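Keep the 3D view open as you read.

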Amino acid sequence: MNVTKAIAGRRSTRDYTPEPVDEKLIFRLIYAAAQAPSAMNQQPWTFTVIRDQALLELISREARAWTLATTPAGTHSSHFQALLSEESFQIFYHAPVLVLISGNAPNQWIVEDCALAAENLMIAAHAEGLGTCWIGFAQGFLNTPQGKQALGLPAEWTPVAPIIVGHPKSVPAPVVHKAPEIHWIG
């Protein structure tokens, strides 16, 4: 698959089969992520791979509760509020793998660097026939002392991109993208 098709075809997947993702394939995805550019070529990322479903269930419950408790009233749409309040909602959609990309060194561009690595990982996964989704509901909690402790992360790391990976049950429908707004100078 060429890169343009991989970029255009990647979708956020929220429905997975229970089929495990081969470890060698996970290594290939992380290799692709690590090829991302970074500020001053610092490559300040680390990759934590979680396949323990009981741990993902625990983090899902704690992240839902933390998000509901710490988000100011009115910030969440009623849809998000209802979703996060639903006891059966699992923020990782029962995907077999969570790859957490964290910054492992102080750096003013850590979020940007890790986001570039995350996009590489997601495009590579799509090219391999896998689905991915960046789980924003997990970000805040994973950057707390409790979240870091649950995953055994050092206190100085900054969790940035929690990406679920798995075999999609179905292909997500294409989404309509607006034409880019371009301002030409010169």
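**A helix with two sides**

Helices (H or I, at least four residues) and strands (E, at least two) are DSSP runs, numbered from the N terminus. Before going further, note that this is a predicted model, in which local features need pLDDT of at least 70 and side-chain atom pairs count only at pLDDT 80 or more, while totals for chains, interfaces and linings use all residues. Residues are numbered from 1 along each chain as its sequence is written, and side-chain values use heavy atoms, with hydrogens and water left out.

Helix α3 itself runs over residues 53–70, 18 residues in total, and spans 25 Å from its first C-alpha to its last, close to the expected 26 Å. That expected span is 1.5 Å times one less than the number of residues. At the start of α3, a side-chain oxygen of aspartate 52 comes to within 3.0 Å of the backbone nitrogen of alanine 54.

**Into the core**

What does the largest nonpolar core look like, and which of its residues touch the most other members? It has 26 residues, and the ones with the most such neighbours are Ile101, Leu121 and Val165. A nonpolar core is a set of buried Ala, Val, Leu, Ile, Met, Phe, Trp, Tyr and Cys residues joined through side-chain atoms within 4.5 Å. Two or more residues each come from α2 (23–33), β1 (45–50), β2 (97–103), α5 (110–127) and β4 (158–166), with α5 giving the largest share, eight residues.

Leucine 121 is in contact (heavy atoms within 4.5 Å) with Leu29, Ile30, Ala33, Val99, Ile163 and Val165, leaving aside neighbours within four places in sequence. Apart from this core lies another, of 23 residues, including Leu84, Phe141, Leu151 and Leu153.

How many disulfides does the whole structure hold? A search finds zero, where a disulfide is a pair of cysteine sulfur atoms within 2.5 Å. The sulfur of cysteine 114 is 18 Å from the closest cysteine sulfur, in cysteine 133, which is too far for a bond. Cysteine 114 is buried, at 0% relative accessible area, and cysteine 133 is buried too, at 3%.

Finally, look at histidine 167, in the segment after β4. Histidine 167 counts as buried because its relative accessibility is 18%. A polar atom of its side chain lies 3.3 Å from the backbone oxygen of proline 20. Not counting residues up to four places away in sequence, histidine 167 touches Asp15, Tyr16, Thr17, Glu19, Pro20, Val21 and Leu130.

Methods: Buried < 20%, exposed > 50% of the residue type's maximum accessible area, 1.4 Å probe, protein only. Polar contact = N/O pair within 3.5 Å; in protein donor to acceptor, adjacent residues only side chain to side chain.
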